[in-house]
Amino acid sequence: MIILSAKDLTKTYGVDVILQEVSFHINEGDRIGIIGANGAGKTTLLRLLSGELPHDGGDFFLSADTTIGYLKQSDNFQSENTVIEEVEAIFSGMEQMEREMLELSSAISEKAQRGESGPEVDRMLLRYDQMQEEYRDKGGYSYKSEINGILSSMAFGEEFYGKKISTLSGGERTRLALACLLLKKPDLLFLDEPTNHLDIGTLKWLEQYLKSYKGTILLVSHDRYFLDQTVNRIFEVENHKLYTYEGSYSAYAEQKKQRREAQMRKYQNQQKEIARQEEMIRRFKQRGTEKLAKRAASREKRLSAMELEERPEALRGKMKLQFHQNFKSGNDVLLGEGLAKSFGYGSNEKRLFRNVDFDIKRGERICVVGPNGVGKTTLLKILMGDLEPGQGRLKVGHNVDFGYYDQEQQLLSGSNTVLEELHDAYRLYTDTELRSILGRFLFQGDQVFLQVSALSGGEKARLSLLKLMLSGANVLILDEPTNHLDIESKEVFEDALLDFPGTVIVVSHDRYFLNKIPTRIFELGQEGITAFLGTYNYYVEKKQEIESGKKYLEELSAKEKPVSEEKRSVSEERRLKKEQEAKERRLKRQQEQAEQKIEALETEISRVEEEMCQEAVMTDHVKLRELSGKLDELKEELSEEYEKWLELQEV
């Protein structure tokens, strides 16, 4: 059943066309992902369909009695309520029903105590039964546990219940707005960037919740992994038009590529045929005979009647990003031992983490994950020296030059224009050179004179990445760099990181990004860091293995009855002790051998890299190819040795 349909929907702002003659339909139960470049009109479409904005052409039709819930990018809380008061207000009707049922129950009890009966009591009992049934159908017996469940899943523990909404951070307000919307359970759910400010655990919960949601969902998102998990259709807003695709984001990406290739092939084939026909007409006319002139006229007539294929619209300009380093760092980049950090004192002290150990080498791409509030951003600031750890030791390697991307964009000056912001940081460039560089980052024409404060989140993100690119740093510290980037910009950014020869340390909740970028994942918790080789899928798989192993050992331990010390003979104790000591010696020897092998491989890699940089070798393509192949083999072997070494650490 169609729940919403649009026909030739159009929206303009002055002379700027945002959406032009957009038509589509949405079936009940659909899960639709809306994608497109920043500024393409995705949010405008949601606002039109929700009735917040008037449309300038066309129309849309909503099924009767359909309720709409709309999560905006910025919440619209005006209330001075506490968190729990705001949530309980959603169920004020339930509380009214509870009071009425209680009053009716008391009245029935009083009449029963007085021994009264008759039609009036029968009517009261019937009304009470009806109210109970209505209360049950509306979820009256489960709504309180549902409130607790959803608030807990959105990282609102009981300590948040009494907090005023005005004291919450931007991310907390967004999560609360989402929690309230899910509790209302509208028929049609509009979600604008619902994954912003959610950690991986909350994202997984939201994915599962939306999969089982009984209503229809229309969501705007740049999170490719989230789209793959939650939607069955894609609406792409591009060049003021809307194109529909069946399936998940991955299916859309393949379909779009195939559709564009087919359109281009069809257009090119037709152009070739037109050129061939025009050449034949020209030749017929040149001959000058009456018969050929008639043929030429006939072909001209057929050619003029041909339905012309439209040339596929040019692909939108992509950001051109390439990170470089002014000089190489040493092989040892960062070493942390026993790092800890907390804020406050005494009873007000809040501990973020402790016992944080790591050893980061040149060329690694480290992604830091963990729940919100554990201190990931704080750890990044400690690595750069902006904050001092409460305990432990941090050693920064030789020639390390940090470049920092701040998710809050606080390193940009809002009063500057785009051009001034760049000129203040890099005064050796001329305005012409800077405008050329800005053009590569899609700041064209008069856009370079826009104030930074007037830029969108995506534009600020691109400007911050441009400043980072020009810095020439050899260690990039990135805090949620993909949050405000559209999908195309994310892909350009990811490719640039993969080509970067330096070291990358990044905090991210973007699982598509986490499946592409890291060589290692650091899971930060209150008790330290757990390191995992490889990308996100391997990290999830390994975590599940570890959890399954722990559970198995716990079950095994519970089944086995411990042998009392008194029942063990002295010889048995001695034998067990010797076996344990031998096992520990063997493990230590294996660990030492693995460390020696890793050290030898790293030394050989450094030697090969230095040899490749020699002038004589750089001009010898045969030698360079040979060394490059050897380097790849060494790095592959080093990766395998690191994995063996990590497995030995976990024994």
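Q: What is the mean pLDDT of the chain, and which elements have the lowest and the highest mean values?
A: Across the chain the mean pLDDT is 84, and 93% of the residues reach 70 or more. Among the elements, helix α19 (residues 615-618) has the lowest mean, 72, while strand β16 (residues 503-507) has the highest, 95.

Q: Where is the pLDDT below 50?
A: As a general idea, where pLDDT is low, the predicted coordinates should not be read in detail. In this model the pLDDT is below 50 over residues 561-568, a stretch that has four contacts beyond near neighbours in sequence.

Q: Which residues have the most contacts inside the largest nonpolar core?
A: In soluble globular proteins, nonpolar side chains tend to be buried together. Here the largest nonpolar core has 50 residues, and those with the most contacts inside it are Leu-151, Leu-176, Leu-182, Leu-191 and Leu-210. Helix α6 (residues 170-184) gives the most to this core, with eight residues. Leaving aside residues up to four places away in sequence, Leu-151 touches Val-83, Ile-84, Val-87, Phe-156, Tyr-161, Leu-176 and Ala-179. A second, separate core has 47 residues, including Leu-412, Leu-438, Val-492 and Leu-497.

Q: How many disulfides does the structure hold, and is Cys-180 buried or exposed?
A: A disulfide is a covalent bond between the sulfur atoms of two cysteines. The structure holds zero disulfides. Cys-180 counts as buried because its relative accessibility is 6%, under the 20% cut-off. Cys-367 is also buried, with a relative accessible area of 0%.

Terms used. Residues are numbered from 1 along each chain as its sequence is written. This is a predicted model: local features need pLDDT of at least 70, side-chain atom pairs count only at pLDDT 80 or more; totals for chains, interfaces and linings use all residues. Side-chain values use heavy atoms; hydrogens and water are left out. A disulfide is a pair of cysteine sulfur atoms within 2.5 Å. Buried means under 20% relative accessible area, exposed over 50%, partly exposed in between (1.4 Å probe, protein chains only). pLDDT is the predictor's confidence in each residue, from 0 to 100. Helices (H or I, at least four residues) and strands (E, at least two) are DSSP runs, numbered from the N terminus. Contact means heavy atoms within 4.5 Å. A nonpolar core is a set of buried Ala, Val, Leu, Ile, Met, Phe, Trp, Tyr and Cys residues joined through side-chain atoms within 4.5 Å.
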